Amino acid sequence: IVATMLPADLGEIPQGEGLIAIRRVGGSRVDLVSDTMSCVIDVYYGTWEESLTEANFLAGIISQLPYQDDTSIQYLRADISTMPYALPDAGNPVFPRVRMLVEMGVKARIETPYI
């Protein structure tokens, strides 16, 4: 997995505000009705403590997705494959980045064109 770097001209992340970057890095069709997705999630906040706290909070939300009825996607499973860990951004070392890897199983969306 290649680390995503923030643009150098981004400036500063204001204290108490953050940035969460989600990037799909893989997945496959499991069968006719289910797909898998692998996602890298980078969490940036003003301090390392805030970044880790927010990443852990987000991991808790993600782990509960299969038990939610009001989502636009039906999640069959949501696994935190790599717990949040510090990963300094070489391009912007002042931004405290925390990363985690998430793997999800979702109900497939099969769309057919109208004829």
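**Entry 1: the model and its sheet**

I am working from a predicted model. What order do the strands of the open sheet take? I read β1-β2-β4-β3, four strands with antiparallel pairing. The edges are β1 (19-31) and β3, each of which pairs on one side only. I also looked up the twist, and from one strand to the next it averages 15°.

Next I checked how β3 and β4 go together. They pair in the antiparallel sense, and I have eight bridges down for them.

Which strands does helix α1 lie across? I find α1 (residues 48-63) lying across β1, β2, β3 and β4. I noted its angle to β4 too, which comes out at about 10°.

**Entry 2: salt bridges**

How many salt bridges does the structure hold? I have three on my list. A reminder to myself: side chains of opposite charge can pair when their charged atoms come close.

I took Arg99 and Asp42 to begin with. Their side chains meet in a salt bridge at 2.6 Å, N to O. Arg99 counts as buried because its relative accessibility is 4%, under the 20% cut-off. Asp42 is buried as well, with 2%.

Then I turned to Asp35 and Arg29, whose side chains meet in a salt bridge with 2.4 Å from N to O. Are these two buried or exposed? Asp35 is buried at 15% relative accessible area, whereas Arg29 is partly exposed at 47%.

The remaining entry on my list is Arg77 with Asp79, where the closest N and O atoms are 2.5 Å apart. Arg77 has a relative accessible area of 31%, so I put it down as partly exposed. Asp79 gets the label partly exposed too, with 36%.

**Entry 3: more on Arg77**

I stayed with Arg77 for a bit. It belongs to strand β3 (residues 75-86). The pair with Asp79 also turns up in my search for polar contacts, side chain to side chain, at 2.5 Å.

I followed up on Thr36, which is 41 residues from Arg77 in sequence. In space, the C-alpha atoms of Arg77 and Thr36 are 9.1 Å apart.

**Entry 4: Ser38**

Where does Ser38 have its place? I find it in strand β2 (residues 34-44). Its relative accessibility is 16%, so Ser38 counts as buried, the cut-off being 20%.

With neighbours within four places in sequence left aside, I listed what Ser38 is in contact with: Arg23, Arg24, Val25, Gly26, Gly27, Val102 and Glu103.

Terms used
Residues numbered from 1 in each chain as written. Predicted model: local features only at pLDDT ≥ 70, side-chain atom pairs only at ≥ 80, totals over all residues. Heavy atoms only, no water. Helix = DSSP H or I, 4+ residues; strand = E, 2+ residues; numbered from the N terminus. Buried < 20%, exposed > 50% of the residue type's maximum accessible area, 1.4 Å probe, protein only. Contact = heavy atoms within 4.5 Å. Salt bridge = Lys/Arg side-chain N within 4 Å of Asp/Glu carboxyl O. Polar contact = N/O pair within 3.5 Å; in protein donor to acceptor, adjacent residues only side chain to side chain. Pairing = 2+ DSSP bridges. Axes fitted to C-alpha atoms, helices over the stretch in contact; angles between N-to-C directions.
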